[in-house]
Amino acid sequence: MTVSGNLVQERPNIEQYPGVYISMEELLRLRAAGLELDLRGQKRAMAAMAGLHRSSFRGRGIDFDEVRIYQPGDDVRNIDWRVTARTGRTHTKLFREERERPVYLMVDQRQPMFFGTRNAFKSVVAARVAACFAWAIRTHGDRIGGFVYNDNEVQELRPRAGKRGIQNLVRVLVQFNQALEPAAASRHSSRQTFIKALQGLSQVVRPGSLVVVISDFLNYDDITQQHMTPLCGHNDVIAIQIYDPMEKQLPPPGVYGFSDGERNVRLNTAPRKLRRDYALRFVERQDALRQQL
């Protein structure tokens, strides 16, 4: 049995369903992939521990970097009163120093992610992407934290460095992934846990952090955007969308049977208008998502 908070179920047979469920062994093997990612970002880290990034943290040995417009959340002690008086707009001084910064991974394991027609389900791909980032983060010497969520709960992972950070992430990813059930695939998925994860992240993230959001973004809308926007003010935010080829276009012309576990339907994908409208809706969703992000 696997027990984690509200997650209680029998462990699925991973060997029997390759690409449907993730295993701890698979995520640990991704270390050998040697993925190189540029995690330096555009903003300077502000954590108070030594690392590989430049920061705005004040202390011994700091160097003046630049002056910019004051933003909510900036330290008022760093206000440059001369520039403020000259321009009539509040400016703040930025300093830099080598610092470590935490990286937060937000990983979607909701029911719509439990779908796939090529090689692996979206939920598995999301877990693999998160693991690749985690190994790259460890190489940079940064701390790994984040939030993993499904339709019912959100699990917070406090930032930790080295082996412990990797172990915590992998353990929770496997628990949430293996809790997904085919019989539940027809249940409606809401944006509530996504928003809850964003709210939790907003409460713990420090300015200058890197946030990586891995999701299919199917429920992303203006309300979700309102919770995402504040994170971008003082952090680097990377959004990685996971989608299946069948969500982009219908399968080749033919008659297909579909089931959600309760109902069975047959769909003729041959009509050109049906195929064109289906593909157009995907493009429209992508355009809207790009504008929001």
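Glycine 146 has leucine 157 of β9 as its bridge partner. The two strands, β8 and β9 (residues 154-160), pair in the antiparallel sense over five bridges, where pairing requires at least two DSSP bridges between strands. Four residues separate β8 from β9 in this hairpin. Strands are DSSP runs of E with at least two residues, helices runs of H or I with at least four, numbered from the N terminus.

This is a predicted model, in which local features need pLDDT of at least 70, side-chain atom pairs count only at pLDDT 80 or more, and totals for chains, interfaces and linings use all residues. Residues are numbered from 1 along each chain as its sequence is written, and side-chain values use heavy atoms, with hydrogens and water left out.

## The parallel neighbour

β8 also pairs with strand β7 (residues 102-108), in the parallel sense over seven bridges. Opposite glycine 145 in β8 stands tyrosine 104. From β7 the chain passes through helix α3 (residues 122-140) to β8 in a right-handed β-α-β crossover; right-handed means that, with the strands pointing away from the viewer, the path from the first strand over the helix to the second runs clockwise.

## Burial of β8

Strand β8 (residues 143-149) is largely enclosed by the rest of the structure, because seven of its seven residues are buried (under 20% relative accessible area, 1.4 Å probe, protein chains only). In a regular strand, side chains alternate between the two faces of the sheet. Arg143, Gly145, Phe147 and Tyr149 are buried on one side of β8, and Ile144, Gly146 and Val148 on the other.

Conventions:
Buried means under 20% relative accessible area, exposed over 50%, partly exposed in between (1.4 Å probe, protein chains only).
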